[in-house]
Amino acid sequence: MLTVLSISVILSGCIKNIHQAELHHGQTSNMIHIHNQWVRAVPPVSHISAAYMSIINHGSMEDQLLAVQTSAAEVVEIHNVKKENDMMSMSPVKFVDVSAGGSQELKPGGYHVMLIKLVKPLKVGDEVELTLHFKNAGMVKVTAPVMGSMPKGEMKHDTKEYESLDHAGSHD
Ligand SMILES: [Cu+2]
């Protein structure tokens, strides 16, 4: 009896969590949750932008973000920013690891999704549909708002660090 009761408590707990996640984030995978996704607004002359997000892996297996698709850009690449000899440079990566039960930040100055050859200018208030392809979790679709800067309240680190990385990470 006790066992049945605790199972039902666990189950209802899970269902509640899934509902909350859907309401707030709209992701489709049970194991991979995407939070705080956003795309950088760019001036109309710019044909390049970037998408950022937090990837949370609730699964017991390590996963990898392999590719991203969107109709907003002709070319999409996953990049990382590295600092070498005081110079910030970015280069494409084949995948981004997300450890089992862990998370990975795609943020200015680090991993980011490069949107190249934008189909139309991205202005604040627009929305971009992104389809993320994970090795284990498969496809995860998210809608990312276009914003001028990183969402407020999500900065867990030193603001100065973000600002300097931010400038170095712009692609114009
Ligand atoms: Cu880049």
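## Starting inside: valine 98

Valine 98 is buried, because 24 other C-beta atoms lie within 10 Å. (A residue is buried if 20 or more other C-beta atoms lie within 10 Å of its own, exposed if 12 or fewer, and partly exposed in between, with C-beta atoms placed from the backbone.) You will find valine 98 in strand 6. Setting aside neighbours within four places in sequence, valine 98 is in contact with Ile55, Asn57, Asp63, Gln64, Leu65, Ser103 and Gln104; contact here means that the C-beta atoms, placed from the backbone, lie within 7 Å. The C-alpha atoms of valine 98 and isoleucine 32 are 9.3 Å apart, although 66 residues separate the two along the chain.

## What kind of model this is

This is a predicted model, in which local features need pLDDT of at least 70, side-chain atom pairs count only at pLDDT 80 or more, and totals for chains, interfaces and linings use all residues. Residues are numbered from 1 along each chain as its sequence is written.

The pLDDT is the predictor's confidence in each residue, from 0 to 100. Its mean over the protein chain is 80, and 70% of the residues reach 70 or more. Over residues 1-24 pLDDT stays under 50, and the model has two contacts beyond four places in sequence for them. Residues 154-170 also have pLDDT below 50, with 17 contacts beyond near neighbours in sequence. Where pLDDT is low, the predicted coordinates should not be read in detail.

## The overall fold

The protein chain has two helices and ten strands. (Helices are DSSP runs of H or I with at least four residues, strands are runs of E with at least two, and both are numbered from the N terminus.) Along the sequence, the pattern is α-β-β-β-β-β-β-β-β-β-β-α. Of the 172 residues, 27% count as buried.

## The nonpolar core

A nonpolar core is a set of buried Ala, Val, Leu, Ile, Met, Phe, Trp, Tyr and Cys residues joined through C-beta atoms within 7 Å. The largest one has 32 residues, of which Ala51 and Val128 touch the most other members. Strand 2 gives the largest share of this core, five residues.

## A look at strand 9

In a regular strand the side chains alternate between the two faces of the sheet. On strand 9, Val128, Leu130, Leu132 and Phe134 form the covered face, while Glu127, Glu129, Thr131 and His133 form the uncovered one.

Strand 9 pairs antiparallel with strand 3 over four bridges, where pairing requires at least two bridges found by DSSP. Eight bridges join strand 9 to strand 10, also antiparallel, and a hairpin of three residues links strand 9 to strand 10.
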